[in-house]
Each structure stands twice: as C-alpha cells, then as structure tokens.
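Please look at the sequence and the model first.

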Amino acid sequence: MTPEQVEKRVIELIYREPFVPFVLEMTDGTTLEVPHPRLAINGGGAGFIGPEGGLVDFEFKAVRNIRVSPKEAVA
C-alpha cells in the first residue's frame, strides 16, 4: 500500500459507525491493533494512546496491510 492509501483507509476506518478495531501489519512483520477511533493524524503518520496508556505511533509508509481485528470479524 502507498502511504496515501494507508492514510485514506485509516481515516475511513476511524470514522466507521460503529467503530470496529483494526490491525496494521507493518513492513517489519509486527502488528499494531488500533482499539479505538481516537487517532491523531499528522503529515505521514498517526498516533494514539494504547491500552496501557503509552503513545503508539506509526508512519504510513511502514504499513504493509490493514485488516479488521479478528476479534471483531463477523463469521
């Protein structure tokens, strides 16, 4: 995905009603779950407060894929 595609998709997902958590698959193989829609989006990336209270930030260019969280997927 291009950084522009990632940004567009993230914005679509945070405004989805009702919100459904989603997972970012990073180019290094790690994953980040976005558990709520409260993201701060800036030029080229975004950040949010994670479940443990710390800042989680990422660059759009480091995202390989985006998928709906398996915990919330409809069978």
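## Salt bridges and the sheet

Lys 61 and Glu 59 form a salt bridge, with their closest N and O atoms 3.7 Å apart; the term stands for a side-chain nitrogen of Lys or Arg within 4 Å of a carboxyl oxygen of Asp or Glu. The model is predicted: local features need pLDDT of at least 70, side-chain atom pairs count only at pLDDT 80 or more, and totals for chains, interfaces and linings use all residues. Residues are numbered from 1 along each chain as its sequence is written, and side-chain values use heavy atoms, leaving out hydrogens and water.

Across the whole structure, three salt bridges are found.

| Pair | N to O distance |
|---|---|
| Lys 61 and Glu 59 | 3.7 Å |
| Glu 12 and Arg 9 | 3.3 Å |
| Glu 25 and Arg 67 | 2.5 Å |

Glu 25 lies in strand E1 and Arg 67 in strand E6, so this pair ties together parts 42 residues apart in sequence. Glu 25 is buried at 19% relative accessibility, while Arg 67 is partly exposed at 31%. Lys 61 is exposed at 60%. Buried means under 20% relative accessible area, exposed over 50%, and partly exposed in between (1.4 Å probe, protein chains only).

Strands (E, at least two residues) and helices (H or I, at least four) are DSSP runs, numbered from the N terminus. Three strands make an open sheet in the order E2-E1-E6, with antiparallel pairing; strands pair if DSSP finds at least two bridges between them. E2 (31-34) and E6 (63-68) stand at the edges, each with a single partner strand, so one side of each has no neighbour in the sheet.
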